[in-house]
Amino acid sequence: MASLAQPEASIRSRQTSYAGGLLLLCGSGALSVLARRHLGRFHRDSLTIHEGHELVETGPYRHVRHPLYTATIGVFVGLGAVLGNRISLGLAALPTIALIHRIRVEEDMLIEALGSRYLRYRQRTARLLPGVW
């Protein structure tokens with residue numbers, strides 16, 4: 001098994017990996033800030049439904065249902081690319097798996113709280129990446 005420092009684990013095009021990783025880190029940070037602004041008072045770190053909860057469909061929420069999770073995954077992938085190591089890049093799968101579970105739980109809560117309005121929104125928007133999923 002290759003360690004993080006061994007050459008066989010390194011990504012071949014180190015400069016491209018580094019530059020792409022930095023761009024992804026910056027873009028993910030910007031997406032996170034934008035998504036939090038559009039959520040406003042509804043943003044919480046824990047999964048909660050607020051009294052008078054409203055469906056946010058503006059900004060990045062027009063295109064994806066979970067842009068904050070998209071940004072989080074982007075940070076992990078970007079960090080792996082900056083490190084220039086396939087093992088580090090592959091470790092981004094771990095938080096992605098956890099976030100996919102969280103998305104399922106959150107969407108069940110939103111369907112219960114918002115009903116058909118959330119179901120219609122869910123039909124017309126991607127979960128994490130437009131045109132992919």
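Tutor: What follows is a set of questions and answers on a predicted model.

Student: At what angle do helix α2 and helix α4 pack, and is that roughly parallel or roughly antiparallel?
Tutor: Helix α2 covers residues 67-83 and helix α4 covers residues 93-114. Their axes lie 10 Å apart, at an angle of about 175 degrees. Angles over 145 degrees count as roughly antiparallel. So α2 against α4 is roughly antiparallel.

Student: Which residues of α2 make the contact with α4?
Tutor: On the α4 side, the contact uses Pro 95, Thr 96, Leu 99, Arg 102, Ile 103 and Glu 106. By class, the contact has 6 nonpolar, 2 polar and 2 charged residues. The α2 side is made by Tyr 69, Thr 72, Ile 73 and Phe 76.

Student: What covers the buried residues of α2?
Tutor: Buried residues of α2 include Pro 67, Leu 68, Tyr 69, Ile 73 and Val 82. Gly 74, Gly 78 and Gly 80 are also among the buried ones. Their cover includes α1, α3 (86-90) and α4.

Student: Which residue follows α2, and what is its phi?
Tutor: The residue after α2 is Gly 84. Its phi is positive, near 70 degrees.

Student: Now the charges. How many salt bridges does the count come to?
Tutor: Side chains of opposite charge can pair when their charged atoms come close. The rule asks for a side-chain nitrogen of Lys or Arg within 4 Å of a carboxyl oxygen of Asp or Glu. By this rule the count is 5 salt bridges.

Student: How close are the N and O atoms of Glu 57 and Arg 117?
Tutor: Glu 57 sits in the loop between α1 (14-39) and α2, and Arg 117 in helix α5 (residues 116-124). They are 60 residues apart, so the pair links distant parts of the chain. Glu 57 is partly exposed at 23%, and Arg 117 is partly exposed at 41%. Their closest N and O atoms are 3.0 Å apart.

Student: What is the N to O distance between Arg 124 and Glu 57?
Tutor: Arg 124 lies in helix α5, 67 residues from Glu 57. At 51% relative accessibility, Arg 124 counts as exposed. Its side chain meets that of Glu 57 in a salt bridge with an N to O distance of 2.1 Å.

Student: Which residues join Glu 107 in one network of salt bridges?
Tutor: Start with Arg 127, in the segment after α5 and 20 residues from Glu 107. Their closest N and O atoms are 3.6 Å apart, in a salt bridge. Salt bridges with shared partners then join Glu 107 to Arg 65, Arg 122 and Arg 127.

Student: How far apart in space are Ala 113 and Gly 52?
Tutor: Ala 113 is in helix α4 and counts as partly exposed, at 39% relative accessibility. In sequence, Ala 113 and Gly 52 are 61 residues apart. In space, C-alpha to C-alpha, they are 9.8 Å apart.

Note on methods: Residues numbered from 1 in each chain as written. Predicted model: local features only at pLDDT ≥ 70, side-chain atom pairs only at ≥ 80, totals over all residues. Heavy atoms only, no water. Axes fitted to C-alpha atoms, helices over the stretch in contact; angles between N-to-C directions. Helix = DSSP H or I, 4+ residues; strand = E, 2+ residues; numbered from the N terminus. Parallel < 35°, antiparallel > 145°, perpendicular 65-115°, else oblique. Contact = heavy atoms within 4.5 Å. Nonpolar A, V, L, I, M, F, W, Y, C, P; charged D, E, K, R; others polar. Buried < 20%, exposed > 50% of the residue type's maximum accessible area, 1.4 Å probe, protein only.
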